Amino acid sequence: MKLNLTKSKALYKAAEKLMPGGVNSPVRSFNAVAGSPVFVAKAKGACIYDEDGNKYIDYMSSWGPLILGHADADVVRAVKKAAELGTSYGAPCRNEIELAKHVIKSVPSVEMVRMTSSGTEATMSAVRLARAFTGRDYIIKFEGCYHGHADYLLVKAGSGATTFGTPSSPGVPKAFADRTLLATYNDLASVEELFGNYPDRIAAIILEPVAANMGVVLPEEGFLEGLRRIASENGALLIFDEVITGFRMSHGGAQKAFDVIPDITCLGKIIGGGLPVGAFGGRRDIMNMVAPSGPMYQAGTLSGNPLAMAAGLATLHKLAGRGNYQRLRKLTQMMVTGIAGIIEELGIRARINSVESMFTVFFTDEEPKDYRSVLKSDTKMYSKFFENLLRAGIMFPPSQFEAVFLSLAHTEKDVDRTLDAVRKSLSAL
Ligand SMILES: *Cc1c(COP(=O)(O)O)cnc(C)c1O
């Protein structure tokens, strides 16, 4: 099937003159799959409609936030209602309390929370907080984990940074990057070694409790528990970056699902319901370090924005409804089992990592369990797979190193249609 992208291509040409790479966030450019990006005109439920009138079943879900699907009626109503009452006050409002309450009630480690406008701000602030609280400078991050684009976190980062082969970016002073120690995901010995080399100097271990920015990589049995123990033994804080896993792995995030409780948790994506939100929270004694309670400065003109709070609250309330996580899990299982069957039948070298409502098909025959192993994937093959799917009206993420996200707007019929397209797409490789 041929896809008419005339208008998208013309818009991209115009955009390239006005914005670096024609986009406001790198992965959107479709560079990783050698394509020209689809310009979206509108989206509803599980579907995206482009400027040329093509319709796609969307599995990017805006990179994770849209667990209810696009333009959910309740979320749209809440945002409209909030907008009528003013779009920003620069003063506190009731819904900030309501969202804080919901987050604190749901996420075990969070006793107090601070809202931000993005996940990047949440992780950046959480690291500053850990340094302020411990009086130490160094942090440990894992190769392939992505925590937004703050300087000292942009070292061997996943997501777009992996896709574009610029794991550490120019413009990050070496002195900043030097304070970031790199460990290997699923390898506790690599973490122990760093604590051995830098005794009493490491403020925190930060990680995605399920990595989703090098494609989905699950923590092996005992990994999270081991990190919890090592951090405590060494007087360092454990930071879970749950910007993706928060309210996706379960309503209490990955920490609830795996029963490992960090000191600080970063949130974003789903808690904003598609509007710009991030948050960090944790133990009361730690959070009391944050200004104006304490000396660690952190602020935001639009933090706790009333529209964003309304969208987040509407999303979390609806998501908390009975049976939703089971439904998401069942749909995802149906999809993953289907794809695994097709892969086996066609004898394709690929592995699928999946958990709850997210998964990645890696084109490799080595088990994807850390950054080194996922990088063995055949990205050219992924690129063809992606393009074939797109032509069949299925939008997977435009990079091997990202997660496919299902939402409550997806139906069994969508999954059936997608599996048909996957079969054709993989057969044509
Ligand atoms: C998306 C993401 C971030 C950054 O959030 P932004 O809102 O894009 O700044 C941080 N951490 C993880 C795990 C993410 O997936």
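**Salt bridges and cores**

Mentor: Let's start with D263, which forms a salt bridge with R228, their closest N and O atoms being 3.0 Å apart (a salt bridge is a side-chain nitrogen of Lys or Arg within 4 Å of a carboxyl oxygen of Asp or Glu). D263 sits in the loop between helix 9 (253-258) and strand 9 (264-268), while R228 belongs to helix 8 (residues 223-233), so this pair ties together parts that are 35 residues apart in sequence. Helices (H or I, at least four residues) and strands (E, at least two) are DSSP runs, numbered from the N terminus. Both D263 and R228 are buried, a word that means under 20% relative accessible area, with exposed over 50% and partly exposed in between (1.4 Å probe, protein chains only).

A word on the model. It is predicted, so local features need pLDDT of at least 70 and side-chain atom pairs count only at pLDDT 80 or more, whereas totals for chains, interfaces and linings use all residues. Residues are numbered from 1 along each chain as its sequence is written, and side-chain values use heavy atoms, with hydrogens and water left out.

The structure holds 17 salt bridges. In one of them, R136 and D200 meet through their side chains at 3.7 Å, N to O. R136 is in the loop between helix 4 (119-134) and strand 5 (138-142) and D200 in the loop between helix 7 (188-197) and strand 7 (202-207), so parts 64 residues apart in sequence are tied together. R136 counts as buried because its relative accessibility is 14%, but D200, at 60%, counts as exposed.

Next, look at E345 and R423, whose closest N and O atoms lie 2.8 Å apart in a salt bridge. This pair links distant parts of the chain, with E345 in helix 12 and R423 in helix 15, 78 residues apart. E345 is exposed at 54% relative accessibility, and R423 is partly exposed at 33%. Elsewhere, D72, D74, R77 and K318 are linked in a network of salt bridges.

Of its 38 residues, F359 and F396 touch the most other members.

Key
A nonpolar core is a set of buried Ala, Val, Leu, Ile, Met, Phe, Trp, Tyr and Cys residues joined through side-chain atoms within 4.5 Å.
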